[in-house]
Amino acid sequence: MDFRDYVEAVRRRWRFVTVCVLLGLAVAALATALLPRTYTATAQLFIATSDASSDDAYQGGLFTQQRVKSYTRVVTSPAVLDGVISQLGLQTSPGRLAEKISAQAPLDTTLVDIKVTDASATRAQTIADATAVQFTKYLGTIEGSTAGAPPLVKASVVGGNEPPSTPSSPRPSVNIALGLLGGLAVGVGGAVLRHSMDTTLRSADDIGARLGLATLGVLPSPKAGRRYGGTRRTEPPDQLRTRLRFATENGFPKSVLIAGPSPGEGRTRTAVDLATSVARTGRRVVLLEADLRRPCLAAEWGLRAAPGLADVLTAQKPLREAVQTWDEGRIQVLTSGSAPADPGALISSKDMAQLVRALESDTDFVVIDSPPLLPFADGAALASVAEGVLFVVRAGRTRHGDARRALNTLAAVRADVLGAVLTGTRAEGLTEWQPPRADQEPPAQGTAHTPRHEPSPKSPAVPVSGGAVRATGRTLRHHD
């Protein structure tokens, strides 16, 4: 992965990163509120020798710097802490008291810093001061010289006596910074890991980079634009229709198969949207439901379930009696019909190819809905019959491997894949324009306004196989 991949991973999963950062901040704030407050008091000792001459003082300073490292261990020795406990009357042992006390010697100095941590600032400072006093006494004992002579090394208290005003723990700023950095690290790391393991196709860029297909249309979820007559629902199919016009050398194809690798990718919705969009331009459109495995067009859009395609292919009903009209007569619909015993045989028969040729010759545009390519062979058989194929990909659901296998299936039957359609996206950047209502007063003369769109007249009956298809009188209800 390069830098752009990391940026893309964070961009796609910015919500996950944000949640991790917020959780990190919440944990830091909770820890700050629940952790007990402790104070750290200090006392500083200066260690010096008793030599008076400058040469001896220099040598003594070097001697003291070497010895002072050992003095830091003496500070927490039982000999010193027993005196502290006796002086202050503490109810504890030297071992437990030593856990609160630490001593260190700054580099290249003869200083000893004593630090005491306690829940009480006053008690911490009292123990630090007492420890410094007891250490000076003990140091005189262990570094004493011959009788009557001054000690070789002496310690003097040079700092301390003021209790700390602010707690040393917890530190809100440090905890918040750690929570922020920790949450950010977990969020970015998780986003990159999920991105590297994610094999689904999520955008038109993914389709172009991984499948080598141009994306002709990006259709939002039905919930993204519930007002079917408004541009939030009609503009994406119109863009697909426009691009489809230039997808072949001969202009708009006569028939298009809507295919996809797996179930639940929105093939039927894509077929309906495309048929509706093309019909609004005045073309005669036939919507053919060739999914005999799990048909849903009749149930979801309020059409007659049978007779349909299966009945026509088995010669039980003539085509003119099986075709229904929808969308105010602008679209002719042939549902799947009665459930056949062998759907694959019907779809692969020469009668199916002849039916598609007949519909192409009698109408302007045929949209064919199909079953998924991977579980069934029907889609590949239909792809060899249709003039072109639109490959449907569900954003965040269709996997790259499944899509590649489905495209290999289409390539095996020499299907002409015109491009891809990405479904299940967000309807972003689309307007909410609606034509004026009939009861709306016309604008005043000279005022700029949007011209009113009159409804187009019903399309004439579409001749199919020598006979006119009569309207059923039923209007297809729009399904969100």
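Trainee: Which residue forms a salt bridge with Asp 238?
Mentor: Asp 238 pairs with Arg 241, and their closest N and O atoms are 3.2 Å apart; a salt bridge here is a side-chain nitrogen of Lys or Arg within 4 Å of a carboxyl oxygen of Asp or Glu. Keep in mind that this is a predicted model, in which local features need pLDDT of at least 70, side-chain atom pairs count only at pLDDT 80 or more, and totals for chains, interfaces and linings use all residues. Residues are numbered from 1 along each chain as its sequence is written, and side-chain values use heavy atoms, with hydrogens and water left out.

Trainee: Where do Asp 238 and Arg 241 sit?
Mentor: Both are in helix H9 (residues 231–245), and because they are 3 residues apart there, about one helical turn separates them. Helices (H or I, at least four residues) and strands (E, at least two) are DSSP runs, numbered from the N terminus.

Trainee: Is Asp 238 buried or exposed?
Mentor: Asp 238 is buried, as is Arg 241, where buried means under 20% relative accessible area, exposed over 50%, and partly exposed in between (1.4 Å probe, protein chains only).

Trainee: Switching topic, what does Asp 364 meet in a salt bridge?
Mentor: The side chain of Asp 364 meets that of Arg 284, at 3.4 Å from N to O. This pair links distant parts of the chain, 80 residues apart, with Asp 364 in the loop between helix H15 (350–362) and strand E10 (365–369), and Arg 284 in the loop between helix H10 (267–279) and strand E7 (285–289).

Trainee: And how many salt bridges are there?
Mentor: The structure holds 10.
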